[in-house]
Amino acid sequence: MPNFSYAKPVVELFPTVVAQAREAEAAGLSCTGNASCISSTLQNDTGLSPGCADCYGSVGGCAASNCALQCLGDSGSSGCRNCVTSNCAAEFEICSGWTY
C-alpha cells in the first residue's frame, strides 16, 4: 500500500476527498463509463495525476460493465453502490491504496 503523507491533517482533507468523489462520479456519468474519457476529464478538470485519474477511470469502466442495470436512473441508490463495491472496489483499492 502506498505511504501517503499530507501537509494537512487527514480530517482537513475530508472535504477535498468528498469533492473528488463527486467529480469522479460526474465524469463517469458524462463519459458513460468510458475509462479513458473519465481519466482525461479528471486530469483536465481537477488536475489529478494520470495514475490517480486512471484509478477512477477504471472504477467507472468497471461500474459501467458490471452495474449498468443497478445504476441506471440513480447512481446513488443502494443497489448501485452495493454492486460497485462488490465488483469494483478491490481493483480501486489496489490501484489507489485508498479504501473504497
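Trainee: Which pattern do the disulfides of the protein chain follow?

Mentor: A disulfide is a covalent bond between the sulfur atoms of two cysteines. Here the pattern is 1-2, 3-10, 4-9, 5-8, 6-7, with bonded cysteines counted along the chain. A disulfide is taken as a pair of cysteine sulfur atoms within 2.5 Å, and the count by this rule is five. This is a predicted model, in which local features need pLDDT of at least 70, side-chain atom pairs count only at pLDDT 80 or more, and totals for chains, interfaces and linings use all residues. Residues are numbered from 1 along each chain as its sequence is written, and side-chain values use heavy atoms, with hydrogens and water left out.

Trainee: What is the handedness of the link of C55 and C95?

Mentor: The link of C55 and C95 is left-handed, with -85° about the S-S bond. C55 lies in helix 3 and C95 in helix 4, so the pair ties together parts 40 residues apart in sequence. Helices here are DSSP runs of H or I with at least four residues, numbered from the N terminus. By contrast, the link of C71 and C80 is right-handed, at 90°.

Trainee: Is C55 buried or exposed?

Mentor: C55 is buried, at 3% relative accessible area, whereas C95 is partly exposed at 41%. Buried means under 20%, exposed over 50%, and partly exposed in between (1.4 Å probe, protein chains only).

Definitions and conventions: Helices (H or I, at least four residues) and strands (E, at least two) are DSSP runs, numbered from the N terminus.
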